[in-house]
Amino acid sequence: MNRLLEIRTYRLKPGMIADFHAAMHGRAVPMLRSAGMHVVAYGRSDHEEETYFLIRAYDSREAL
């Protein structure tokens with residue numbers, strides 16, 4: 001199956017990573033999934049201090 005991946009990165013203000021993760025985990029990701037979006041992965045970047053990522057998959061460019 002061919003899928004289109006969207007990779008978003010967020011550069012956060014210092015000290016905000018825990019709050020951002022709580023918002024993503026508790027509200028944003030469930031909302032995206034309830035809207036039918038396929039969230040592949042999300043979390044804190046391992047290589048940049050205050051950076052977060054979100055990866056979503058789509059069946060086609062039109063679906064994006």
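1. Strands here are DSSP runs of E, at least two residues long, and helices are runs of H or I with at least four residues, both numbered from the N terminus. By that rule Ile7 falls in strand 1, residues 4–11. This is a predicted model: local features need pLDDT of at least 70, side-chain atom pairs count only at pLDDT 80 or more, and totals for chains, interfaces and linings use all residues. Numbering starts from 1 along each chain as its sequence is written, and side-chain values use heavy atoms, with hydrogens and water left out.

2. Overall layout. The C-alpha trace spans about 40 × 25 × 15 Å along its principal axes.

3. Burial and surface. Of the 64 residues in the chain, 27% are buried. Buried means under 20% relative accessible area, exposed over 50%, and partly exposed in between (1.4 Å probe, protein chains only). The accessible surface is about 4,800 Å², and carbon and sulfur atoms hold 55% of that. Areas come from the Shrake-Rupley method with a 1.4 Å probe; for residues, only the protein chains shown count as cover.

4. Core. The largest nonpolar core has eight residues: Leu12, Ile17, Met24, Val29, Leu32, Val39, Tyr52 and Leu54. Helix 1 gives the largest share, four residues. A nonpolar core is a set of buried Ala, Val, Leu, Ile, Met, Phe, Trp, Tyr and Cys residues joined through side-chain atoms within 4.5 Å.

5. Leu32. Setting aside neighbours within four places in sequence, Leu32 is in contact (heavy atoms within 4.5 Å) with Met37, Val39, Leu54 and Arg56. Across the chain, 57% of the contacts with a separation of 6 or more join residues 24 or more positions apart.

6. Glu50. Please look at this one. Glu50 sits in the loop between strand 2 (38–44) and strand 3 (51–58). Glu50 is buried yet has no salt bridge, and the nearest side chain of opposite charge, Arg44, is 4.7 Å away. A salt bridge needs a side-chain nitrogen of Lys or Arg within 4 Å of a carboxyl oxygen of Asp or Glu. Lys and Arg count as positive, Asp and Glu as negative; His and the chain ends are not counted. Beyond neighbours within four places in sequence, the contacts of Glu50 include Tyr10, Arg11, Pro14 and Ile17.

7. Surface patch. Leu5, Ile7 and Val40 form a nonpolar patch with about 300 Å² of accessible area together. Ile7 is exposed, at 59% relative accessible area. Patch residues have over 30% relative accessible area and no salt bridge; nonpolar side chains (Val, Leu, Ile, Met, Phe, Trp, Tyr) are joined within 5 Å, like charges within 9 Å.
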